[in-house]
Amino acid sequence: MATTGVTAVVINAKSSFFPNPNKPNRLIHTSPSPPSLSFPLKKALTSPLKSSLDLNNPPSGPTITMDPTISTSTTTLSLKSRLKNNETLYGIFLLSFSPTLAEIAGLAGYDFAVIDMEHGPGGITDALNCLRALAATQTPAIIRLPDSCPTWAKKALDLGPQGIMFPMIESAKDAKKAVSYCRFPPAGIRGSAHTVVRASSYGIDEGYLSHYEDELLIMCQVESEDGVKKIEEIAAVEGVDCIQTGPLDLSASMGYLWDPGNKKVREKLRAAEKAVLGSSKAFLSGFAMPHDKPDDLRKRGYHMVSGTVDIGLFRNAAVADVEKFKMSLAVESDTFESWLVAEHFKRGFDQQWLSGTFSKAIFLGNGLVAIFAGLFGNILVDTFALGPVAPFDAAACILAIGMAIILSSWTENFGDPSENKDLLTQFKGAAIAIASDEKIALLGAIQSLFEGSMYTFVFLWTPALSPNDEEIPHGFIFATFMLASMLGSSIAARLLARSAPKVESYMQIVFIVSSACLLMPILTNFLVGPAGGKSAGLSFAGCLQLLGFCAFEGCVGIFWPSIMKMRSQYIPEEARSTIMNFFRIPLNIFVCVVLYNVNAFPITIMFGMCSIFLFVASILQRRLMVIAESEKIKSQDWTAMEERDPEAEPLNE
């Protein structure tokens, strides 16, 4: 009776998602006809394996098909071969040692995955589980060792990764040792158990010894200032296939532990890159940073780019998910901003669009529309001679049109009744938060001092520029102020997009400049003197003050996005509005006192008070920066103590 051969047929199930001819996925099903990869049971049990079966007369039965997902000898191109074909490969670091995340990374389409034993919590057994998960998706794996020593190299190589990464290589001598750990005698000192380890498919791959050197990617990580000085010699060592840069440890070795994007670090890294790319032997590999994106590395000639870490991906997704939910709980139905946030999420829009929406609202609404409104108001008063109340009448008409549109097309947002708290409870919670965290108290005081000075300026700039009731173009001046504020917002956007200077640092300068700007009425009074009588327009002193006021409006433009950034860092979302309202009480009292006594004090005295307030704000900002930096250092030191591995160095992707 004839037996039907049971075989394994390879199909590409992944191609519809990630069409990569060099990395097919393999699923198993049965077929009555054996493919070319099939071989009889007798061949599977021949030397070097021993068996008690009679190999000359094997029992009849099914034919066994080998699916070589765990061998370095496959029909697909290895990492080394793809690099030689001038491909640029994109990968991920796996620190969690989660086989599930490893499998997801493979299914996502990464060209390679680095199992990080240097900084991850797992050992050899955990690495093996990740290797198996990656093998199921035909994703090449690289193991980064916890230490560049023969013991770790031997254990890792026996698992059968396509690549091995040696950390902290600082000389050609270190590199030669690393290569020797990967070679069997007499070329090296690697211990031999190739007949039973996973690297050789547990001895089934009889050709392992003949091809392992050709397929194993040996990577040397150069991550110190001393190592960078000798990187060209390291790259020239026979057997070194790839040089991996390490920006974090490099910055630490140069004295810039907290600033890996420092100009000196970048210059040192660029010199190292040129040295490697100038050599014709080694490929260049690197890890992207916030200041150095994956595409930037690719454009500079990197052959292998690692763009992220599995833990970082999950962390960012988790934080964004929690923030999205908490923002929806924190919605207050009496503010347009909160309504916009609630509607944004209710309609299922992407969270990343929200920042763009706010940016456009600030630029177009607070900027361009305000400028046009000032110019339009000036035309109504001067060109059409409709009187000083004409701009207010026009504004009322526009508001009525907006109200009609809102009533007819917008739905009411009543908030979440379950989150409603009485006013006393909210203020008690705010007081507790302020008393327990000095940063919150400082930030609230800073905002109150600046906003108090700003609102006072709003009421005082007109009498300051026209002390003798001069006829000045109020609309044009207001439009100029809004243009200056727009420029300030643009500067803030660029500052916030950079890793340095920090917002806590540059805001000290902003407050000092603001303080100096509001001293202009006092300075012009002493240096130029008051105008002798009513003039046709702005006096010379008025022009000087106008320049100072425009500079102040530029500082206002920088202030708003910067203070929003600091509020998001230091004030909890669920109590943010109540805490800020808590500090607006003294702010409003101050503004009311100024307005009720506007004729009781000379205008120079009131501007002097505002200038002093802003100078105090700069001092408080300095205090906030010092506290924030000290807490950051303590937190990082504590994290390092908790996570430190006796065989590992600080994280250096």
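At roughly what angle do the axes of helix H18 and helix H22 cross? Keep that in mind while I say one thing: this is a predicted model.

Now the helices. Two packed helices are described by the angle between their axes and the distance between the axes. Take H18, residues 438-465, and H22, residues 540-570. Their axes cross at roughly 155°. They come within 11 Å. Angles over 145 degrees count as roughly antiparallel, so H18 and H22 are roughly antiparallel to each other. H18 passes H22 in a left-handed crossing. What residues make up this contact, by class? There are 18 nonpolar, 3 polar and 4 charged residues.

H22 has other partners. One of them is helix H20, residues 503-517. The axes of H20 and H22 come within 9 Å and cross at roughly 150°. That makes H20 roughly antiparallel to H22. The crossing of H20 and H22 is left-handed.

Next comes helix H21, residues 520-527. The axes of H21 and H22 come within 9 Å, with a crossing angle of roughly 155°. H21 and H22 are therefore roughly antiparallel. Left-handed or right-handed: how does H21 pass H22? The crossing is right-handed.

H21 gives the largest share, 3 residues. Leu519 lies in the loop between H20 and H21.

Now to charges. Side chains of opposite charge can pair when their charged atoms come close. How many salt bridges does a search of the whole structure find? The search finds 15.

Last, the backbone. Most residues other than glycine have a negative phi, and most peptide bonds are trans. I have one exception to each.

First, phi. Asn86 is not a glycine, yet has a positive phi of about 65°. Where is Asn86? Look in the loop between H2, residues 79-84, and strand E3, residues 89-94.

Second, the peptide bond. From Pro185 to Pro186, the bond is cis. Its omega is near 5°. Pro186 lies in the loop between helix H6, residues 172-181, and helix H7, residues 208-215.

How values were computed
Residues numbered from 1 in each chain as written. Predicted model: local features only at pLDDT ≥ 70, side-chain atom pairs only at ≥ 80, totals over all residues. Heavy atoms only, no water. Axes fitted to C-alpha atoms, helices over the stretch in contact; angles between N-to-C directions. Helix = DSSP H or I, 4+ residues; strand = E, 2+ residues; numbered from the N terminus. Parallel < 35°, antiparallel > 145°, perpendicular 65-115°, else oblique. Left-handed = near helix turned anticlockwise from the far one by under 90°. Nonpolar A, V, L, I, M, F, W, Y, C, P; charged D, E, K, R; others polar. Salt bridge = Lys/Arg side-chain N within 4 Å of Asp/Glu carboxyl O.
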